[in-house]
Amino acid sequence: MTTERDRLPLAEDLRVFLAVVNKQSFAAAATELGQSPAYISKRIQILEEALNTRLLHRSTRGVRLTDDGERAQRWALQILDTFDQFIGDVSDSRSEVRGNVHICSSFGFGRCHVAPAVAELAERYPHLNLRLDLFDRVVDLVAEGIDLEILVGDDIPEQHIGKKLAQHQRILCASPQYLAAHGEPDSPDALTQHQCLVLKERDNPFGVWSLTGVGEEQRIRVKGVLSSNSGEVVLQWALKHHGIILRSEWDVRPYIDRGELVQVLPQFSQPASVWAVYPTRLADSAKLRVCVEFLHQRFSQLLQ
């Protein structure tokens, strides 16, 4: 008797599928995996039957992904990465970690948080050569030869693998003096009547704040006479009573605790988790795996 569990895709089928996608050829995938083309074709057929969909368009010029195939590729990468981490953790098999790791992040978070973490990582693994570059733009990891990006926000490129390092949020703040002079907004829409200190970061829409609260997301187009591409600059402006900011909680919490800033509309926030993003499965790179594991432990304690 065949059960639903019997029809679930096997890890081997997913590996074969990814090999075909990477090589864009059944024959080339067979050579890479040391199997016959007939075996590759059979495993793909079994996978398509298990998922009840066509994953690949086949032609004389090669193969290409269907829409369902693109979704399957993303899931296969994540599933196999998790599965390989499980095997590695259970077997506790670790080889000596050495080599070059190129890491990148944004300017503000990178300078304040990633840089000290990378320094600690170098002390933990002295045979790693670590390079940290900071950007205020979207980075093409593969084209620029970067192994790992530490990203703030939940917009993860679909072609890469992401591991959440810390759950976090951005919150609205202003100085008590600004609020005394201009009043405190009582709704997200009221922000349009205030001086908002806008930060231009990466490819995020300029002057649009997405806020989540009471079960729904609101997108507010804010305005103000001051804007910058530096989070540190807009924070200093807020401390000097120039307007309202939307900043990561770990950046503003010390100022809130000292009374220099006041949280505005506390029922609203913007999800801004910290992610490790990488183009290669962790199981394929011991040096990358230990970097991600270390940073996960390090950043999960940011606000503790």
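Q: Which residue in β5 stands opposite Ile103?

A: Leu148 does. Helices (DSSP runs of H or I, at least four residues) and strands (E runs, at least two) are numbered from the N terminus. Before we go on: this is a predicted model, where local features need pLDDT of at least 70, side-chain atom pairs count only at pLDDT 80 or more, and totals for chains, interfaces and linings use all residues. Residues are numbered from 1 along each chain as its sequence is written, and side-chain values use heavy atoms, leaving out hydrogens and water.

Q: How many bridges link β3 and β5, and in what sense do they pair?

A: Two strands pair if DSSP finds at least two bridges between them. Strand β3 (residues 99-106) pairs with β5 in the parallel sense, over 3 bridges. β3 also runs parallel to strand β4 (residues 128-135), joined by 8 bridges; there, Val101 has Leu130 as its bridge partner in β4.

Q: And which way does β5 pair with β15, parallel or antiparallel?

A: Antiparallel: β5 and strand β15 (residues 274-278) share 4 bridges. Look for Val152 standing opposite Val274 in β15.

Q: How many residues of β5 are buried?

A: Go by relative accessible area: buried is under 20%, exposed over 50%, partly exposed in between (1.4 Å probe, protein chains only). In β5 (residues 148-152), 5 of its 5 residues are buried. Leu148, Ile150 and Val152 point one way, while Glu149 and Leu151 point the other way, and all are buried. As for β3, 6 of its 8 residues are buried. Across the 304 residues of the protein chain, 42% are buried, and that chain holds 9 helices and 15 strands.

Q: Why is His194 classed as buried?

A: Because its relative accessible area is 9%. You'll find His194 in the loop between α6 (176-182) and β8 (198-199). A contact means heavy atoms within 4.5 Å. Not counting residues up to four places away in sequence, His194 touches Tyr178, His182, Gly183, Glu184, Pro185, Lys223 and Ile244.

Q: Which residues is Asp68 in contact with, leaving aside neighbours within four places in sequence?

A: Thr53, Arg54 and Leu55. Asp68 lies in helix α4 and counts as partly exposed because its relative accessible area is 29%. For the whole chain, take contacts with a separation of 6 or more: 75% of them join residues 24 or more positions apart.

Q: How much space lies in the second largest pocket?

A: About 350 Å³. A pocket is an open set of points on a 1 Å grid over the protein atoms alone where a 1.4 Å probe fits, with protein on both sides within 12 Å along at least five of seven lines; lining residues have an atom within 4 Å of a point. Of the 18 lining residues here, Leu18, Asn22, Leu77, Arg281 and Asp284 are the closest to the pocket's centre. α1 (11-23), α2 (26-33) and α4 (67-91) each supply at least two lining residues, with α1 giving the largest share, 4 residues.

Q: What is the mean pLDDT of the protein chain?

A: pLDDT is the predictor's confidence in each residue, from 0 to 100. Here the mean is 85, and 89% of residues reach 70 or more.

Technical notes
Points joined across faces, edges and corners; volume = space filled by probe spheres on them.
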